[in-house]
Amino acid sequence: MATATEHRTHGSHTHTHGAGCGHVAIPHGDHTDFAHDGHVHRVHEDHVDECAPAGHVAHDSHDHQHGEGCGHVAVPHEDHVDYVHDGHRHAAHEGHWDDH
């Protein structure tokens, strides 16, 4: 399931993300995100963007309950935790899971 993302540039980001940079790499659709300082970065052309969905994207038909010990990578993201699952990140939201 592909989702459109906002183009929110992460200003003043001097670190270069890539293999071996020291941050958790998360496969996400057609690119790789990097967990860094409580948010998720995406390398985009000559800068880094915050990788965030454009609008609210509910992940329908998701019966699995993410949480401690669920078997998926937990990634701190702003004020919540995302879980890496099937090439995207899930976040709990008002009784359902969102696609991040």
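Predicted model: local features only at pLDDT ≥ 70, side-chain atom pairs only at ≥ 80, totals over all residues.
**Entry 1: β7 and β8**

I started with β7 and β8, which run antiparallel and are joined by four bridges. I looked for a facing pair and found His-85 opposite His-88 in β8. Then I went to the hairpin that β7 and β8 make, where two residues sit between the strands. Asp-86 has a positive phi there, near 55 degrees.

**Entry 2: β8 and β9**

Next I followed β8, residues 88-93, across to β9. I count four bridges for this pair, and the sense is antiparallel. Two facing pairs went into my notes. Ala-91 has Asp-98 in β9 as its bridge partner, and His-93 stands opposite His-96 in β9. Which residue takes a positive phi in the hairpin of β8 and β9? I found Glu-94, with phi near 45 degrees. This hairpin has two residues between its strands.

**Entry 3: the sheet they belong to**

I then wanted the strand order of the sheet. I read it as β6-β7-β8-β9, an open sheet of four strands with antiparallel pairing. Which strands are at the edges? I have β6 (74-77) and β9 (96-99) there, each pairing on one side only. I also looked up how neighbouring strands of this sheet are turned against each other, and the average is 40 degrees with direction ignored.

**Entry 4: an aromatic pair**

I searched the whole structure for aromatic pairs and got one. The rings belong to Tyr-83 and Trp-97, with their centres 6.4 Å apart and their planes at 85 degrees. Planes over 60 degrees apart count as edge-to-face, so I logged this pair, at 85 degrees, as edge-to-face. Where do the two residues lie? Tyr-83 is in strand β7 (residues 80-85) and Trp-97 is in strand β9, so the pair ties together parts that are 14 residues apart in sequence. Buried or exposed, I asked of Tyr-83 and Trp-97? Both are buried.

One of the facing pairs here is Phe-34 with His-41, its bridge partner in β4. β3 and β4 form a hairpin with two residues between them, and I noted Asp-37 in the turn with a positive phi of about 55 degrees.

From β4 I carried on to strand β5, residues 47-50. This pairing with β4 is antiparallel too, over four bridges. Arg-42 stands opposite Asp-49 in β5. The β4 and β5 hairpin has two residues between its strands, and Glu-45 in the turn shows a positive phi of about 50 degrees.

**Entry 5: a salt bridge at Arg-42**

I stayed with Arg-42 and checked for salt bridges. How many turned up? The count is one. It joins Asp-30 to Arg-42, with the closest N and O atoms 3.8 Å apart. The cut-off is 4 Å, so the 3.8 Å of this pair falls within it. Asp-30 sits in the loop between β2 (25-28) and β3, while Arg-42 is in strand β4. I noted that the two are twelve residues apart and that their pair links distant parts of the chain. Asp-30 has a relative accessible area of 71%. Exposed means over 50%, so I marked Asp-30 as exposed.

Notes: Residues numbered from 1 in each chain as written. Heavy atoms only, no water. Pairing = 2+ DSSP bridges. Axes fitted to C-alpha atoms, helices over the stretch in contact; angles between N-to-C directions. Phe/Tyr/Trp six-rings, centres within 6.5 Å; stacked < 30°, edge-to-face > 60°. Buried < 20%, exposed > 50% of the residue type's maximum accessible area, 1.4 Å probe, protein only. Salt bridge = Lys/Arg side-chain N within 4 Å of Asp/Glu carboxyl O.
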